[in-house]
Amino acid sequence: MQSIQEIQDEIIDEFSMFEDWEERYQYMIDLGKELPLIQPQYKTEDNIIKGCQSKVWVHAEMNEDKIAFTADSDAIITKGIIAILIRVFSDQHPKEIIDANTDFIDQIGLKEHLSPTRANGLVSMIKQLKMYAIAYQTQLN
């Protein structure tokens with residue numbers, strides 16, 4: 001099983017293969033299409049990430065001692081962003097998620113190529129995924 005850091009390094013490598021941001025956006029859209037989709041019953045107000053311009057639903061559940069995330073969004077770029085975050089954080093131990101840094105986002109240049117509202121949404125998504133991890137970590141203690 002890969003560590004969060006190994007997955008982040010893999011994503012950095014993948015993004016470095018593209019010449020320009022148009023290709024990177026297309027890649028993010030493709031990643032969004034492969035996103036593990038949230039079950040319809042979890043597409044509720046409670047699972048919407050606050051602070052995102054578009055709607056983003058995230059559901060988390062513990063499988064043994066790791067968190068599995070599923071998500072969806074009504075916007076294709078946003079769906080790609082949450083797909084990247086879920087790839088990094090899903091099937092990891094809560095403590096690993098809490099302790100993980102997210103520098104890889106700056107390294108792939110994502111934040112600087114998003115509109116201010118999308119960049120804020122990205123921060124909200126990371127916060128929400130970490131909040132789930134904190135909640136589950138508390139249950140484990």
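How many of the 14 residues of H3 are buried? The views below, taken from a predicted model, start with that helix and move on to a cavity.

**View 1. Helix H3, residues 76-89, end to end.** From first C-alpha to last, this 14-residue helix covers 20 Å. That's close to the 20 Å expected at 1.5 Å a residue.

**View 2. H3 and its surroundings.** Here's the count: 11 of the 14 residues are buried, so H3 is largely enclosed by the rest of the structure. Running along the helix, the buried set starts with Ile-77 and Thr-78, carries on through Gly-80, Ile-81, Ile-82, Ala-83, Ile-84, Leu-85 and Ile-86, and ends with Val-88 and Phe-89.

View 3. Asp-91 follows the helix, and its phi is positive, near 65°.

**View 4. The cavity.** Look inside and you'll find 1 cavity of 30 Å³ or more in the structure. The largest cavity holds about 60 Å³ of space.

**View 5. Who lines the largest cavity.** The lining takes in Cys-52, Gln-53 and Ser-54, then Thr-78 and Ile-81, and finally Thr-117, Arg-118, Gly-121, Leu-122 and Met-125. H6 gives the largest share, with 5 residues.

Conventions
Residues are numbered from 1 along each chain as its sequence is written. This is a predicted model: local features need pLDDT of at least 70, side-chain atom pairs count only at pLDDT 80 or more; totals for chains, interfaces and linings use all residues. Side-chain values use heavy atoms; hydrogens and water are left out. Helices (H or I, at least four residues) and strands (E, at least two) are DSSP runs, numbered from the N terminus. The expected span of a helix is 1.5 Å times one less than its number of residues. Buried means under 20% relative accessible area, exposed over 50%, partly exposed in between (1.4 Å probe, protein chains only). On a 1 Å grid over the protein atoms alone, a cavity is a set of points where a 1.4 Å probe fits but cannot get out, and a pocket is an open set with protein on both sides within 12 Å along at least five of seven lines; lining residues have an atom within 4 Å of a point. Grid points are joined across faces, edges and corners, and a volume is the space filled by probe spheres set on the points.
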